[in-house]
Amino acid sequence: MSKPLKQIHLAAHFPGVNNTTVWSDPAAGSHIEFSSFAHFARTAERAKFDFLFLAEGLRLREQGGKLYDLDVVGRPDTFTVLAALAAVTEHLGLTGTINSTFNEPYEVARQFASLDHLSGGRSAWNVVTSWDAFTGENFRRGGFLPQAERYSRAREFLSTANELFDSWQGDEIVADQASGVFLRDAKAGSFVHGGRHFDIHGQFNVPRSPQGRPVVFQAGDSEEGREFAAAEADAIFSRYGTLEAGRAFYTDVKSRLAKYGRRPGDLLILPAATFALADTDAEAEELAREVRRRQVSGATALKHLEFVWNRDLSAYDPDGPLPDIEPDVSDNHISQGRAQVRMYRDPLATAREWRELAAANGWSIRDLVIHTGNRQNFVGAPATVAKAINDLVQADASDGFILVPHITPSGLDGFADKVVPLLQEQGVFRTEYEGTTLRDHLGLAHPDQARTERVAS
């Protein structure tokens, strides 16, 4: 018997904090004005996507002590944007990245429960931690936590927020006008939590929301991150968008679920993916090359090289050879607030590897950064892109993809109009929303149902 076709999950990431956009393109719009967010969200909903995703940055990044302004910097508050989008969409899930290192459980739980009510059950929380003291300087508590402590706090943060969500059962509000009784239980929302990181008690003031709890996303790729996702998350963002690496990650994370009484379908694996779409494969390949060159200007190439060299390289020609000096291996890094610097744990080895690549291929600094940096995951005509996405999902390299266009806000339009219909024709993507909540879109059980099933098993 042949394996049944998996249904593909698609989402859209509103880009803006990395060099994924080409903000200088005449077609590019604002990354701050609400009209951009509204256009993007309406396109995603027209295409029947599961959700829209917003990343978050808690401090503007710096390089060499100056504001890094070669990519899009800053963004309005996540909750404000998502609440506004709830009013101009009806079905689309609304996912926000909210930090567990510099926030408090009561505040975050109240905001997500409110968003879930405002949207009719479409909220989702991407739980992240903060890794650097530079970001911590924006907060009273300041500083940062070692990795093990960050995940310890994140786990307790999430469990505490869940206690707050669950402090209302959902049947407390009577609102009987004849008797004048509003609440069946005057203790509704009562909670007591005493733990290593949080010691709070009181009454949660937002009643049980349509989803019970927001959908929980997690983005860590470390051992701690994978285990946290297996225990707590409904979906995990993956950076593995190829067949071999994707299947390895998929198998590893899904295999961890059983120890927590969970099934493979209880956790979705969704890599981020960029794309270049044109009428023919050849035209798409040319577009992909052009987009990458525009994403990596000469100045941008030098800044990216500084991530490894940890030196001011502004005097070098981006169209010339790589520096002949060695990287400065120091904890005092020239780039502040960028997670990318942690990718290069051995700068000297990376420099040697890059020099060899550049020499073998005749690459300049800019050429090297273009070829070693992120590239479009899906490049081709609509049929080519649709097939590539479906092949990866059916091969269990992912459960779907979070698409990141290079133009905001209209960069998703072509995909919605040309690729989605092909996936629908193949019977692997919905033609209409079948439910009202984000849990419905993702095929996830309500928390109360999931809890009952775990106890029964």
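**View 1. Packing of helices α9 and α11.** Angles under 35 degrees count as roughly parallel, over 145 as roughly antiparallel, 65 to 115 as roughly perpendicular and the rest as oblique. Helix α9 (residues 298-309) packs against helix α11 (residues 365-372) at an angle of about 75°, with the axes 9 Å apart, and the two helices are therefore roughly perpendicular to each other. Axes here are lines fitted to C-alpha atoms over the stretch in contact, with angles running from 0 to 180 degrees between N-to-C directions, and helices (H or I, at least four residues) and strands (E, at least two) are DSSP runs, numbered from the N terminus. The model is predicted, so that local features need pLDDT of at least 70 and side-chain atom pairs 80 or more, while totals for chains, interfaces and linings use all residues. Residues are numbered from 1 along each chain, and side-chain values use heavy atoms, without hydrogens and water.

View 2. Strands pair if DSSP finds at least two bridges between them. Strand β1 (residues 9-14) runs parallel to β17 and is joined to it by 4 bridges, with I402 as the bridge partner of A11. Strand β13 (residues 268-273) also pairs with β17 in the parallel sense, over 2 bridges, and here A273 has L403 as its bridge partner.
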